Amino acid sequence: MTQGGGEGSIVALPDRARRAGERRQMTIMFYDLVGSTALAGICDPEDFSDAVEHFHHAVEGAARSLGGYVGSRVGDGAVVYFGYPTAQEDAAERAVLAGLRAVAATSDLILPNGEAASIRIGIATGEGIVNQLGDGEGGNEVVGTVANLAARLQSCAAPQSVVVSDGTRRVLGGTFDLIDIGLFEVKGFVAPVQAWRVSDSTLHEASQTAKRSILLVGRDAELATMRSTLGDALTGADRALLLIGEPGVGKSHLATAFLAEDQAVPVQRINLSCAAHSTETPLYPFVSHLQRSSRGGVAAWAPDTTPDDAAVLARFAGIQATATEAVANLTASQRLDRTIDALVRQFELFSHQVPLLVFFEDAHWADPTSLTVLDRAIRDGQFGQALLIVTARPEFEPGWADLSHVKRLRLLPLELVEAGTLVLSVPGAERLPPSVRRAILRRADGVPLFLEELTRSTVELATEKGKMPIDEFELPMSLQDSLLARLALLGPAKRIAQIASVIGRRFTRDLLASLAEVPIAEINGALDRLTESGLVTTDTSRGLEQFVFRHVLIQEAAYTTLLRADRRRLNLRLLELLEADSSAIARDKPERLAHYAAEGGNAGAAAGYWLKAGLAALANSAMPEAKARLQHGLACVAQMPDGPERSQDELKLQLALGKALIATVGYAVPETGAAFERARELCGVTGHRAELLAVLHGLWINDLLCGRLHSAETRADELLKEAEAANDPVWVVIGCRAQGVLGYPLGNFARSLAFLERGLAEFDPSRRRAYAEIVVDDPRVVMLMYAGFVHSSLGHRDQAFAAAADSVAEARLLGQPYNLAQALTGQILVNLFHGLTDGTEAMVNELADLTREHEIGFHAAVCEILRGRLLMSTAPIEQAIAVLSTGIDYYRGTGSVLYAPTFFMWLAEALMEGGQFEAASQEIAKAEAVMAETGMANDSADIAMVRGELQRQLGDVEGATTAIRRAIAIAERQGAALHLSRYRAGLASLEEQSPIVAKIRV
C-alpha cells in the first residue's frame, strides 16, 4: 500500500471508506461442537440441523445470562464477545463463567446418535478494533489477533473443557483455579502461546480479594476503627460499618484482613460477595453463600431454624431440605417475602448463639432483593452480638447510612511512603530502578490496586523484554476492563472524554472546545456529565478553572480507545493550538509537546521538543528521565528524511545523551562510547566547531575510563590546543581539566597539579551554564577533587583535605546529585589515602543512598569498593574481602578500567591479611597487567610495595627487596611522598632481617 506514490508508504483511505470505531480491550469466547463432522455423516440432515440449533441455543443462553454478545455462527461453532458492545469491568470473569455454564448446559443435550453433546471452548483477552459497519454490511466486526487467538485455543481444548489465554489469566488474577497445559504452536503466531485450562472444580467465582495477593499497608488507623466498632457491637451499641471508597482503594482487602484477625472471643463469619454480573440475579450473594456452606448438599442452618425457614431457603438456593406444606402453598410473591425474612432471621439466630461478623462485599453491585435483606437487617434486625461490614463505592447511598447505630468509614488513597512500601512488596519490584518506582507512584496516585498492578506489569515487562519505562507505560490488561466500564457509563459524553484525554490529565474548557471543534453547549453538557460521574473533577487552585481526570489511568484508558487516525489528527491539531498560544507550556512542558508531535506523526517537531525536554531534565539532574527523553528523540530522528536538519538534530541529541549515559550507566559502557562516536561522524556532516569540541571531550572521557590513556592523552592535547587557538575561555577551562585529570592516572603528578591549578584559576562561576552545555559534571568540583588526589600523592596532607572539602562544599551548594556523588567519592578516597576512618563511614552511606536514589551507576560501583576498603580497618577481614570482590565485579561490569589496578591492589592486601597469599598474588598480577597494558601509574609505587610485602610473606626475601626498591624508585621519580617513608622503612626492615640483602644494597 502506498501514499503519495512513495515506495513503502501507506495509502490514505477516502473518508467514505473509513469505518467509525474504536480500539478496546475485550474478551472473546469461541466454541464448537466436538465430533460434529462425524455426526453429520451418520444423521439425517434435519436431525443434525436441529441438534446443532439446540446446541447453539444452550451455549448462547449461558453466554447471554452473563452479558455476552453473540456474534456470527460458523456451522456448529460461534464467537461470543464480553466487554463489547457494552464495556464490563469483569468481562474475563463473565466469559469463563459463561464457558463453565455452557459446558454444564450442553452436557445435558443428547445428540441424534444417542451420545451426550460435548463442547470445546477457547477464551482470549486482548486489544481489538471494533468497526461499526453500515447497513447491509453484516453488523459489527472485531479486527485483531485476540479473535484469532481465541479460535486457536478452542482447537487446542479437550472436550468438555474451557481453555484461556495467558492474557486472560492475568486479568482474572486468582479468581479461578487454572491448570497450566503448556505452550502450543498455533497458526498465525510467531511464538508458541501459553494456555491454561479452567479447573473442573471451579464452581463459583471468588471474592474480589482473591485477585489481591500482597501486603496490606497504611491502614492501621482504619483497622483500629474497625476493632473499636466490633467492640461496640459486642455490647449492642453499633450494628453496621459502611466502608466507602473509590474502585481499587482496598475496601475488600482491608475488610478481609480484619475478618482474618484472631478475635478475643469465637465469632461466626459470613461472607456475602456481590459481582458486576449479578445485579439482576435475585439474592445472588446469599444463594452463593448457602451453596458454598452446604455440607453434602445439606445447608448448615443457624441453630433453631424453623422447618418452614429451612424449606423456603433451600428451595431458593437449590439445595436439599424437607419441604413443608406451608411453604408449598405460598405464592411466588409471598415466597420471596418469606425468604427475605428467613435470611434476616438467620443473622439473628447466629448472633444470639455466638458473636456474628457479616461481610457484605461490593454492595453497589447488589441486586434489589439483596439490598432489601440488608436494609431490613440493619434497620429492624433483633441481633444479639453482631457487626455487619458493608463495602461499596461512593455512589452507593443507602437509606440506613445515617442511622445512629451505623458507622461510616471512608477509605482514602495511601500516602507516598505507604505507597512506596506497597510497591516494594510486589515480587521483583526491588530490582526496578528508583526512577521507575517513582514513575509508578506518580501514576498510581496512592490507589493500592493501581500500585500493585502497575508494579507487577512493569516487573514483567522488565523481565520479559528488558524495558524500563519512565515516561510512558502500557496500561495493564488487568485494569483496562474496569476503567473502560466506567467510561462506558458516560453515554455521548464519552467522546468528549476521549478528546480531553488527548490533552492530558488536566485541561481547560476553552482548550477542549478548540480541540473538539463542537458547539460550546455540547462541551458544557459533556463536562457536566463528566463531573457528575466523578471521573473528572474541577480545580480552581491555580487561578483558573481546570478540569482534572480523577485518575491518570482513567485518562489513559480513554486515550487507548481512540483509533490511530483520530489520535494523529487530534494531536496535530492540539500541537498547532499550543504552539500558537503564548502560554508557558512550550517553555515549561516540552515533553508534552514532544508527545503531541510524536503521536501526531510530526517526527521533526517531536525530536526538537524531546531534545528540549531532555536538556531540561539534565539541568535538573534528573538523569534517568533525561536519558529516556533523549532516546525518544533519537527514535523520532530515525523517522525524519535525510538532510542537514536531521543531522543537526541527531548530533545535539547524541551529545546530550552521552552526558546522560555518563551519569547513569557510566563513562565506559559501549553505549556511551557509541553515542560520542556517532556524534563525531555527524560533526563531519555539520562542520560545527563547538559540537566538535564537545565530541572530543566525550571521546576523551570515554577513552580515559576505558583505560585507553594514550588515546585520551592525544585527545586532551587536541582539545586544549583548539581551545587556546580560539582563545575560548570556556574551552580553555575544559581543556585544563582534561589535562589535569589525565595526569593523575598517568602518575605525572606535578604536571597534573599545574593544569588543575590553572583551570581553577581561570574558572568563571558566571559561565557555569556554558560549562554545563559541554560536560555533565561541574569542572570546579572535579578539579578540586583531583587536586585532593594529587596533593595526597605528593604528601601535601593539609592541601589534600582542603581541596576535597572544598569540592564537597561546592557540590552541596550546587545541589546537583551527580556532582555531589563525584565530590563525596573524592573526599572518601582522600580519607582512605591518609588512613582516616572517623566520619568516613557516614560519607560512604551518604554516597550509597545518593547513587541508589539517582541511579548513578558508575559511582554506585565505586562506592561498594570504597565500603570494602573501609571495612579492612573496621570489620572482620572476611567481610571486607566479600564486599571488595562484589564491588570490583560491579565496577568492571560498567566497562571501566581506570583505577582498576588500585582496586585489585586493595583486594590483594585484604586477601594477604586473611592469609590467602595465592589469591592475593593473582590480584596483584591483575593490577600489574592492567598497568602494563594501559600505562596507568598513579598507584604503581604502592602496587610494587604490596608485591614486595607479599613476596616477603612467601619467604622470597630477594624478590621482596627488588619489589620494594622498585616502589621507592617510582615514588622518588613521581615525587609521590605520601608513602615513601613507609617504603624505606619496609626496605630497612628487610635488610635487618637479611644481612645478605644489606650487602647488595644499591
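1. Strand E2 (residues 69–74) and strand E3 (residues 77–82) pair in the antiparallel sense, with four bridges between them; strands here are DSSP runs marked E of at least two residues, helices are runs marked H or I of at least four residues, and both are numbered from the N terminus, while two strands count as paired if DSSP finds at least two bridges between them. Within this pair, Tyr69 has Tyr81 in E3 as its bridge partner. The two strands form a hairpin with two residues between them, and Gly75 in the turn has a positive phi of about 65 degrees.

2. On the basis of the note: this is a predicted model, in which local features need pLDDT of at least 70 and side-chain atom pairs count only at pLDDT 80 or more, whereas totals for chains, interfaces and linings use all residues. Residues are numbered from 1 along each chain as its sequence is written, and side-chain values use heavy atoms, with hydrogens and water left out.

3. Five strands form an open sheet with parallel pairing, in the order E10-E11-E12-E9-E13. Strand E10 (268–273) and strand E13 (406–410) stand at the edges with a single partner strand each, so one side of each is left without a neighbour in the sheet. Neighbouring strands of this sheet are turned by 15 degrees against each other on average, direction ignored; the axes are lines fitted to C-alpha atoms, for helices over the stretch in contact, and angles run from 0 to 180 degrees between N-to-C directions.

4. Inside that sheet, strand E11 (residues 356–361) runs parallel to strand E12 (residues 386–392) and is joined to E12 by five bridges, with Phe359 opposite Ile389 in E12. Helix H12 (residues 368–380) packs on the sheet and touches strand E9 (240–244), E11, E12 and E13, its direction making about 140 degrees with that of E12; contact means heavy atoms within 4.5 Å.

5. An open sheet of three strands has the order E14-E16-E15 and antiparallel pairing. Strand E14 (506–507) and strand E15 (536–539) are at its edges, each with a single partner strand, so one side of each has no neighbour in the sheet. Two bridges link E14 to strand E16 (residues 546–549) in the antiparallel sense, and Arg506 has Val548 in E16 as its bridge partner.

6. How many disulfides are there? The count comes to zero, where a disulfide is a pair of cysteine sulfur atoms within 2.5 Å. Cys683 is in no disulfide, and the nearest cysteine sulfur, that of Cys706, is 19 Å away. Cys683 is buried at a relative accessible area of 7%, and Cys706 is buried at 17%; buried means under 20% relative accessible area, exposed over 50% and partly exposed in between, with a 1.4 Å probe and protein chains only.

7. Helix H40 (residues 917–934) has 18 residues and reaches 26 Å from its first C-alpha to its last, close to the 26 Å expected at 1.5 Å a residue, the expected span being 1.5 Å times one less than the number of residues. Among its buried residues are Ala920, Ile924, Ala927 and Met931, and the cover over the buried residues of H40 includes helix H29 (709–726), helix H39 (900–913) and helix H41 (940–953). Gly935, which follows H40, has a positive phi near 85 degrees.

8. The chain averages a pLDDT of 87, and 92% of the residues score at least 70; pLDDT is the predictor's confidence in each residue, from 0 to 100. Over residues 133–139 the pLDDT is below 50, and this stretch has four contacts in the model beyond near neighbours in sequence. Where pLDDT is low, the predicted coordinates should not be read in detail.
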